[in-house]
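Have the structure open while you read.

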Amino acid sequence: MKMTMRWFGQDDPVSLANIRQVPGVTGMVSALYDVEVGEAWSVASLAKLRDDVNAVGMNLDVIESISVHPDIKLGLPTRDGYIDAYCESIRAMGKVGIPVLCYNFMPVFDWTRTNLLHPFADGSHALSFNYEELSHLNLEEDGAGALPGWGAVYSKEELSDLMAKFRELGPDRLWENLAYFLRKVVPVAEEAGVRMGIHPDDPPWSIFGLPRIVTDESALVRICKIIDSPSNGVTLCTGSLGASLSNNLPQIVRRLGDRINFVHMRNVSITGNKDFHESPHLSVLGSIDMYQVAKSLVAIGYNGPVRPDHGRMIWGEEGRPGYGLFDRSLGAMYLQGLFEAANHQRHNAW
Ligand code: DNO
């Protein structure tokens, strides 16, 4: 595997120069943050991003993400124009030589938490999710700002309208719209030499009555079967899938095999039915056996990008929730230790 880290561009309080100093991290995961959802990404802007990353001696291994316009998810007549733009962005990635694209197909909201400052006894904090608390939120009345992390994203009217449309759409038509999208974009990705990896829904269950379909092993397998191509793959996110006890991560890794195009590794502590908080990466501090995940990835011969996912905020660092430098760096080192051990165990007879 290649150890990578996410970088949110020039406005990220964590600099490329700092990430470069994390031992073993060779690749960067990034995106263009000044393009409207639905617009095509230009070769020139992507080449500039790649050059900025190359200038510190690292590779731009992954684009996370190019957002899928809601009209595509809703299957509206306008979707074809947005899909054409998406294809153009994928072609631009190919031209610039960026091999992996992470995207998601979640309606309205991407990752969802009820608290961005869940406190730990040691003074650090992380993100958490409580189903009961979520069910008391009335976003149509209070706006998206009532949901931590989604402040200024939608106006109240936009939000009510979108939520109503997706509730009416339901999961079956969302599946149809995902298939429609994949049938158009995957051939383009194949030609461009880009491997796509759909990100599981986070958390992996329906929220606010909105359909969420990328939640478990059978959904991921179903997606891979829509088009049987290495360009139509999965982002294995341990923290998203692992928030549900019914997801057996080592089994999912073995079942998906070479259709895993990207890996996010983080741990969660499950504290109740649909309740969890994020935890440090170590297996003993959360509900996920991270070594079993690393071992399974080594067993399938995974050699693509891996990134430490959300860290806690520690040592007084302030910044983007989940994306400080310090705890993610500890995560990167721990994860590399796990992979080193798993590789030895597999390849050397002691
Ligand atoms: C959260 C991330 C997600 C991810 C998207 C991919 O921290 O893992 O926001 O980037 O779902 O499209």
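Ser65 sits in the loop between β3 and α3 (70-74); helices (H or I, at least four residues) and strands (E, at least two) are DSSP runs, numbered from the N terminus. The peptide bond joining Glu64 to Ser65 is cis, with omega at about -10°. There's a cis bond from Asp202 to Pro203 too, with omega near 0°, and Pro203 is found in the loop between β7 (195-198) and α8 (217-226).

Some ground rules: this is a predicted model, where local features need pLDDT of at least 70, side-chain atom pairs count only at pLDDT 80 or more, and totals for chains, interfaces and linings use all residues. Residues are numbered from 1 along each chain as its sequence is written, and side-chain values use heavy atoms, with hydrogens and water left out.

## Salt bridges

Side chains of opposite charge can pair when their charged atoms come close. The model holds 16 salt bridges, each being a side-chain nitrogen of Lys or Arg within 4 Å of a carboxyl oxygen of Asp or Glu. Glu64 turns up again here: it forms a salt bridge with Arg6, with 3.3 Å between the closest N and O atoms. Glu64 belongs to strand β3 (residues 59-64) and Arg6 to strand β1 (residues 2-6), so the pair ties together parts that are 58 residues apart in sequence. Glu64 is buried at 4% relative accessible area, and Arg6 is buried as well, at 11%. (Buried means under 20% relative accessible area, exposed over 50%, partly exposed in between, using a 1.4 Å probe and protein chains only.) Both residues are part of a salt-bridge network that links Arg6, Glu64, Arg113, Asp202, Arg266, Glu278, Arg307 and Asp309.

Asp327 and Arg312 make another salt bridge, at 2.8 Å from N to O. This pair links distant parts of the chain, 15 residues apart: Asp327 is in helix α12 (residues 326-347) and Arg312 in the loop between β12 (305-308) and α12. Asp327 is buried, at 4% relative accessibility, and so is Arg312, at 10%. Asp161 is partly exposed at 40%, and Lys165 is partly exposed at 35%.

## Positive phi in two loops

Val108 isn't a glycine, yet its phi is positive, about 65°. Val108 lies in the loop between β4 (100-103) and β5 (115-119) and is buried, with 9% relative accessible area. Trp315 is also a non-glycine residue with a positive phi, near 55°. Trp315 lies in the loop between β12 and α12 and counts as exposed, at 63% relative accessibility.

## The second largest pocket

Which residues line the second largest pocket? Among them are Arg195, Pro230, Asp258, Ile260, Asn261 and Tyr302. By class, the lining has four nonpolar, five polar and two charged residues; Ala, Val, Leu, Ile, Met, Phe, Trp, Tyr, Cys and Pro count as nonpolar, Asp, Glu, Lys and Arg as charged, and the others, Gly among them, as polar. A pocket, on a 1 Å grid over the protein atoms alone, is an open set of points where a 1.4 Å probe fits, with protein on both sides within 12 Å along at least five of seven lines; lining residues have an atom within 4 Å of a point.
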